[in-house]
Amino acid sequence: MTLGLLSISWQVIVDSIGLGAVYALMAVGIGLVFGVLRLVNFAYGQLVMAGAYALAFASQWDLPLVVGIAFCFAIVIVLSLLMDIVVFRPLRAQSPAVMLVATFAVAFLLQSIALLAFGPLGKSASSLGYLNRPVTIGDVDIRKITIVAIVVAGICLLVLVLLLERTTMGLHMRAAAMDFRTARLLGVRADRVIGSAVLISALLAATVSVILTVQNPLVTPDFALRDTIVVLAGVVVGGMNRLLTATMGGFAIGFVSGLLGGALPSDQSQYLPSFLFGLVILVLLVRPNGLFARGPGPVERV
Amino acid sequence: MLSVLGLDVAYGGIAAVRDLSFDVGRGEIVGLIGPNGAGKSTTLNAIMGLITPRGGDIRLAGTSVVGRKPEDVARSGIALVPEGRRIFADLTVEENLRLGYAARRDGESTEADSEAVFELFPIVKEFRSRHAGALSGGQQQQLAIARALVARPDVLLLDEPSLGLSPTVVDVVFDALARVRERGITVLLVEQRAQRTVALADRSYVIANGELRLTLTPGDANDTAKMVAAYLS
């Protein structure tokens, strides 16, 4: 079945939604930390990469699936808290430019460590490989992992919304994202709010590791690097100042990226990044505060 | 209750507050008045732990709070109504109030505390489910004071609560402060409206160039010569 001139199949649309869902999770992870620390964490992709290596080792050691996933979560959480304590917190009072460069440094340091420790050829994370088999719904073949990605992302986002809207910690996090200084003056504990944001962000990164390694079982040092760059662009395009718009931006860029990938003939797929980032520049020229932002708002100088 | 002892604060080597000492007794309202740049807000920021003093001490009921983080100062029982109100415009009035509970040592919000504050500021109850950003300036100021009061602080600090408000709304704010006093809450009020502050407060300190210049009592409020002299001294 095709839609109009672009001959986009339903399968491409469902895959695009799946990619959008994964990118939305990454956007939330980046957006949450940005909210409380005003820090664009470029090293977010390396958290996903570390989780992917954990899964690769788990499958090499024949660990049971659940143990392997728990190992992945543990590695990502520990690395994330380390990043926070060693780099982000001491630099919290510095300018956004300093913090951004620091996250670049952390990102490439981790990537270099992975290259030295595990080599350039990559390792295979194949424990969940069976999720790549398709199921047929109507006359459309959909890979199981796509359905899993959409459902898992939906559940994660729902839980996060409940946490932010219905709990005291959620209220404190929202207030801290709006005006950290005033929130602290009211007794909101900076350490707890930042710690919670970093922890939730790590949980999301680990979830993304699990999903991405199914789609792309070959784990290399630059695993998820390209995805992170695309998601960061999506977060800015959507509107960085609000978690909702950042998340929508992440979803949108994943969805559009999937559609473009499906619409381009396979011998022209190398043009995808040019189209995608051309589109990003176009959107930013028209709506610099973000595609989904309400009216003119304050622009973060990041 | 609150003692400031020989406080010295400097920004990049330039003194903003010099050897400032004063006391706020339990249940008192004390005014801190003086021209722009006199060091009034700096003093409040130092009390709250937003700035580290160069010297001197700040004690709450005899215990030094210098060196504590702002959230820990708030949790020790000092609440600040910041300059410019600083309400959370995107949150509801009720959520703004719930944030006030963050400083509570028991961490509990009770209906009774909310009701006591609603009694002082009925407008806050009436608009509790609205977005705080939809409130007028005067209503936002009442919300900001209410938000500080639900923390049940030992000392309430206010930084220019009448700034940018119309004269009738200023009346509302000063009436509210008089009622806050009736509740026995200790208040340190930083203001530019000297006459009204002197009339309301048990004692008012005039500061200029970061130094204490003069102490005024309510009787001085209508003594124009003394008020003018206080500012020109």
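Mentor: The expected span of a helix is 1.5 Å times one less than its number of residues, a helix being a DSSP run of H or I with at least four residues, numbered from the N terminus. This is a predicted model, in which local features need pLDDT of at least 70 and side-chain atom pairs count only at pLDDT 80 or more, while totals for chains, interfaces and linings use all residues. Residues are numbered from 1 along each chain as its sequence is written, chains are lettered from A and ligands numbered from 1 in the order in which they are written, and side-chain values use heavy atoms, with hydrogens and water left out.

Trainee: How do you know that the span of helix α10 of chain A agrees with its number of residues?

Mentor: Helix α10 of chain A covers residues 243-263, and its 21 residues should span 30 Å; the end C-alpha atoms are 30 Å apart, which agrees.

Trainee: Which residues of α10(A) are buried, and what covers them?

Mentor: Among the buried residues of α10(A) are T245(A), G249(A), G250(A), I253(A) and S257(A), where buried means under 20% relative accessible area, exposed over 50% and partly exposed in between, with a 1.4 Å probe and protein chains only. Their cover includes α1, α5 (144-166), α9 (225-238) and α11 (272-286) of chain A.

Trainee: Why is the pair of F251(A) and F255(A) called stacked?

Mentor: Their ring centres lie 5.9 Å apart and their planes meet at 10°, so the pair is stacked; rings of Phe, Tyr and Trp (its six-membered ring) pair if their centres lie within 6.5 Å, and planes under 30 degrees apart count as stacked, over 60 as edge-to-face and the rest as tilted. F251(A) and F255(A) are 4 residues apart in helix α10 of chain A and therefore separated by about one helical turn. F251(A), at a relative accessible area of 31%, is partly exposed, and F255(A), at 24%, also counts as partly exposed.

Trainee: What makes the pair of F57(A) and W61(A) tilted, and is each ring residue buried or partly exposed?

Mentor: The centres of F57(A) and W61(A) are 5.3 Å apart, with 40° between the planes, and the pair is therefore tilted. F57(A) has a relative accessible area of 17% and is buried, whereas W61(A), with 47%, is partly exposed. Both belong to a cluster that ring pairs build from Y53(A), F57(A), W61(A), F71(A) and F118(A).

Trainee: How do you know that the charged end of R130(B) sits over the ring of F127(B)?

Mentor: The charged end of R130(B) is 4.0 Å from the centre of that ring, and the criterion asks for NZ of Lys or CZ of Arg within 6 Å of the ring centre and within 35 degrees of the ring normal. The charged end of R196(B) likewise sits over the ring of F174(B), 4.8 Å from its centre.

Technical notes. Helix = DSSP H or I, 4+ residues; strand = E, 2+ residues; numbered from the N terminus. Contact = heavy atoms within 4.5 Å.
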